[in-house]
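Q: I have a structure open and want to go through it piece by piece. Can you take questions on it as they come up?

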Amino acid sequence: MSQEPTMYCLFLFLFLSHGVASHRAPNTRQDLHPLLQKMAEEIIQGSYLNALLDLIQFQSAHVWTADLSHRVLAYLHSRNVAFTIPSLQAAMENHLERRLYEPQKLLEDLRNTDVQQFRTAMKCILEDKKHHLDLKDVVIDLGEIREQALQSPGVNRSLLLITLERCFQVLNPLECVQILAKVLRGSPGSLLQPDIAERLPRGLREDAFKNLSAVFKDLYDQISAHSQRALYSWMSGVLQTYSNCTDDSVSWVSAENLWILGRYMVHLSFEEITRISPIEIGLFISYDNATKQLDTVYDITPQLAQAFLGRIGSSSFDMRNTSTIHRLGLLVCFYDDLESLDAAMAQVLLYQMIKCSRLRGFQAGVQQLKADLLDIATDNQTLNETLGSLSDAVVGLTHRQLESLSPEAVHGAISTLSQISGWAKSQAIILSAKYLAQEKVLSFSTVHQMGTLLAGVGAQALHGMDPGDLWQLLRSAVSHHLSSLSPAQQQSVLRKALGAGEPAPGIMELQGAFFMEVSLFHLQREPGLSTTMLREKQLRRSQALFLYEQLSETTRSPEELLSAGQLVKGVTCSHIDAMSADSFLAHFQYFENNLSLLSPHQVNCLAWKYWEVSRSSVPPFLLVALPARYVASIPASQCVPFLISLGKRRLDSLVLDSHKRNLVIRKVQQCLGDSLANEYAVDIVGNSLCHLPATVINTGISPKAWATALHRLRGCPDLGPEQKAAVRLRLLEELGPPGNWTTEMTEDLGVFLTLFSGEELSPVATKFPDILQQTASHLAGTLPPEGFLGAVFASVRNSSDRSLGSAPVPGCHGVVAPSPNDIFRLAEANACWAPEDLLCMDGDTFIRSVELLGAVQGFSHAQLMALKEKAVQLWDTPSRWRAHQVVSLGRIALALNESELQQLDLSSIDTVASLSQQAGWAPGQMKSILQGFLEDSGYGIQDLKSFHLVGLGATLCAMNITEIPLIKISEFRVVVARIGTLFCSPHVLAEFKKRAEAVFGRPTEWTSSVLQELGTIAAGLTKAELRLLDKDLMPYFQPSAIKCLPDEIFKELSAEQIASLGPENAAAVTHAQRRRLGAAQLQSLQWALDGARTRSWLDAPASARPSRTPSGAPAGAPGSWALRFGCPLLALTATPRW
């Protein structure tokens, strides 16, 4: 069952099993222990938390006997409090539920406990092992209560505050630190705001302080820059108190204090670092764990790193000693003492700099340092001689330098080269060819040595390997490198390894993501399927649908099926409907734990099933999958549990229809009263904050709640334009103009820097260029706003040293062309270069930066044309271009016209695959690529193998309809899922559909797994075929297929078929398709969008069907909306023993 219980609901059972009016009752209060009398008085006063704490305290020192429950009840009667079992239950339940859902009142309750009660509460939180209260007839699971409390939004905030307020006065400080650790480690980083640091005790014992500092070190990455600075201030303040330094000339920063600060050492000021005693810094570096600590200072700046290096150099450690270099951690990334450095030491430094990729920024400086060290390391030696000792600096070598290497040198250095990450595809192609030049046969022992360079081996070469060697590779420790292969390469491996046999040998041995490439055709012929084989595999939904159906016929245990990794993706509505009520409730947790794997249609089926079998305990988040009227009818008394439950999930994955999502958010707003008054409200609303309208962001979030809300808003993946505008206005209101921002303010804004105009960001570009550029690097591959990119561009241009540039290109006088350093730092902001700037870059810059430029998403056609012209200048006409050069172009290749594409050597499917993966080709260009491959390779359509089809990708859409029937069925059937991702024209999809019929039979014979496997190919169905499809198959179209269905064909669907589409496919219906529908079809589409359960009421009168604008309670719901969100665990964990 879904487990969203109240924190104390198990306590209700203390009395639920005792309707003891007929039992002998004691006549005096002396018969009841004073602590139990106190507990009874707390019950009379309605202080049920206090009563529970009294009970726990009593039970810790006394044996609970069977008659004690009767005595407590009798005592209550003697005080003229005529509790009946139902009234006591209701009173306690309501109070304790409110305390869970109103954590501020829980905080007040804890403040009002006496010392012993508070001590008991803290001990309960501190307890690690499972702890039960055994009351003979009742067992209260305190461990479960504790876990639920720590996971409840807002409760952990109250526990943090009360611990800071009272714990250190009541308990041992070490115990209080343990409690803080438990509360903080189970909480979001937003809990540690700067104001919390101000409440931290400053008079802690040294052992408790060290333990608490260790907790904060563990949480460093989860908290804001403001909070990091605040915690550093607290830690440094306490450390200075311990140091008892009265002489300002003596630094409080000792070796031990540096170790205690851990990652917070990056917040030391430059001046403080320069004052550290040489003896202390030397002692720190000599610590065994110093290197481990310095390996984690990911956010250190060059200035501070060099200050630390300077102090280390002033100690007894020799900065030219290999042992010292090994101890520097990430400080080595800023090593600046290169004068008179010898080649051997340069190689040592390069080896240590492998870790520099972990730095949060300043990578351009790191690349420059590596280049300088590379020059020193190869001084008086050739690259061939030093290749194996240059570490990952070889990634900076140009194509020309790599091509100059001898095959013997590459072969000799392969143990180093194969371990380096960061190779561009073009570099891997060059190096793998050099390595394989030494090998006559591509075997397992050869490929096993290649590691990361395996990506450079062509699909055809991989396909030429012996199947036994391929299987040895697939089972080996280096099989994880296969995930870096292109889809064409992966398919070539699969085709050869699986062979033409039926069944294919060893198919279930394929691991991880590689298994996703296995075709449905192969799975259908695999004998001996079992759930144990699937636990670690990633599955396409079509695979999961087939496997679940097959395995459910032989596996009787739902638990075995639902716990088999991603197999849960294959559960259908019919499987869910077939579960008994008890079985469904017992196994629902498996669905809930894997909610991210489920489709909206599956969630809708789960919601209806739960409503059918136990509507009184439906998890609130499931209500949003039902028609909107169900959410609209939630009473105010159940708002908080609804908000908490929904806030733990992603609404946009549960509800795809924007209209319905707006109705859900309207309910959220209603529950919130259109405002978030404090941090607790933000805790409770959770992820739903991402969907609140701009008006709430602008005026509804109180200043007190803003910092916590901002922390959560930064994690929202898709804020709308109006929401972003509201966030921008609030930021200006809260922080002031950008010119006044501090370092911490700017760092904490992160991606929200993109909300501001170039003019607004101008002072930021001047004051904090590194932060701006780091943000830009994190946004690589996206399209940030022009204003933000302009500010990043200005910050790089303003800080570039043009005096180091090479001689200008002829005809480019006065043009400031890009340098390699500029291009590296700009990332997506390279889109701000004018076409003439790009044409004027020197050849070395283009060659070094072509992959980076080819990855920029925002280049215009004119800019791409300029870059293409640059390639022609350097590499001659396209007919002279080599495969690795074509691959390196990325999106620049889009500027090639049809004639130029025909000039390329496209004999390799790997070259074609690199082109086909680019989005934005015109039909004529795709036709040129397809024809170029066929002509250069000598293949006819009938000769194409499965990996050729995968590599051709979108260019398959350029095939003539007379060519598609020539594709061999034996090749087509194993790549149906890949072809089903293409958005081809309707007539091309119709031909692919005919090929699919040769594999899977006529459309009337298709199953849910087949329809899902086909993807967009299913959009090739004719009107007649579409009308004949069973309505129960409609949810198993992929949304992409729905979008590809021509309008005139989509309108042929019956109202019943449309109603059965499911929420996800209904949301995929285009406006053009919708315009062609009749009134009945539109009504059915609305039912599907709303999550209506069509099978039970499609034939019912119209009055019984849900409407778009609900009024009143949902059909079938009890008038009082008796949703009991409170204690669904009662029957499971506290069953009376009588």
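Q: Let's start with F992. What does its relative accessibility make it, buried or exposed?
A: F992 has 1% relative accessibility, so it counts as buried. Bear in mind that this is a predicted model.

Q: Which residue does F992 form an aromatic pair with, and is the pair stacked or edge-to-face?
A: The partner is F972, and the pair is stacked, with 6.2 Å from centre to centre and 10° between the planes. The planes are under 30 degrees apart, which is why the pair gets that label.

Q: And F972, buried or exposed?
A: Buried, because its relative accessibility is 0%.

Q: Which helices hold F216 and W234?
A: F216 belongs to helix α12, residues 206–218, and W234 to helix α13, residues 225–243. The separation is 18 residues, and this pair too links distant parts of the chain. Both F216 and W234 are buried.

Q: Staying with rings, where does R166 lie?
A: Over the face of F118, 4.4 Å from the ring centre. There is also R730, whose charged end sits over the ring of W706 at 4.5 Å from its centre.

Q: Let me step back. How many helices and strands does the chain have?
A: It has 70 helices and two strands. The chain runs to 1138 residues, of which 58% count as buried.

Q: What share of the contacts comes from residues 24 or more positions apart?
A: They account for 72% of the contacts in the chain with a separation of 6 or more.

Q: Helix packing next. At what angle do α16 and α18 pack?
A: About 100°, with the axes 8 Å apart. That makes α16 roughly perpendicular to α18. Helix α16 covers residues 278–286 and α18 covers residues 302–314.

Q: Which residues meet there?
A: From α16, P278, I281 and I285; from α18, F308, R311, I312 and S314. The residues of this contact divide into five nonpolar, one polar and one charged.

Q: Now H884. Which helix is it found in?
A: Helix α53, residues 883–888. H884 counts as buried, because its relative accessibility is 4%.

Q: What does H884 touch, beyond residues up to four places away in sequence?
A: H399, E403, S426, I429 and I430. The C-alpha atom of H884 is also separated by 9.5 Å from that of G456, and these two residues are 428 residues apart along the chain.

Q: E403 was in that list. What about K434, which residues is it in contact with?
A: Leaving aside neighbours within four places in sequence, K434 is in contact with L402, E403, L405, P407 and V410. K434 is found in helix α26, residues 425–436.

Q: Is K434 buried or exposed?
A: K434 counts as buried, because its relative accessibility is 17% and the cut-off for buried is under 20%.

Q: Last topic, backbone. What is phi of F362?
A: Near 65°, a positive value in a residue other than glycine. As background, most residues other than glycine have a negative phi. F362 is in the loop between α20 (343–352) and α21 (363–377), and it is buried, with a relative accessible area of 18%.

Q: And D876, what is its phi, and where is it?
A: D876 has a positive phi of about 75°, although it is not a glycine. Its place is in the loop between α52 (861–875) and α53. D876 is partly exposed, with a relative accessible area of 36%.

Notes: Residues are numbered from 1 along each chain as its sequence is written. This is a predicted model: local features need pLDDT of at least 70, side-chain atom pairs count only at pLDDT 80 or more; totals for chains, interfaces and linings use all residues. Side-chain values use heavy atoms; hydrogens and water are left out. Helices (H or I, at least four residues) and strands (E, at least two) are DSSP runs, numbered from the N terminus. Buried means under 20% relative accessible area, exposed over 50%, partly exposed in between (1.4 Å probe, protein chains only). Rings of Phe, Tyr and Trp (its six-membered ring) pair if their centres lie within 6.5 Å; planes under 30 degrees apart count as stacked, over 60 as edge-to-face and the rest as tilted. A charge sits over a ring if NZ of Lys or CZ of Arg is within 6 Å of the ring centre and within 35 degrees of the ring normal. Axes are lines fitted to C-alpha atoms, for helices over the stretch in contact, and angles run from 0 to 180 degrees between N-to-C directions. Angles under 35 degrees count as roughly parallel, over 145 as roughly antiparallel, 65 to 115 as roughly perpendicular and the rest as oblique. Contact means heavy atoms within 4.5 Å. Ala, Val, Leu, Ile, Met, Phe, Trp, Tyr, Cys and Pro count as nonpolar, Asp, Glu, Lys and Arg as charged, and the others, Gly among them, as polar.
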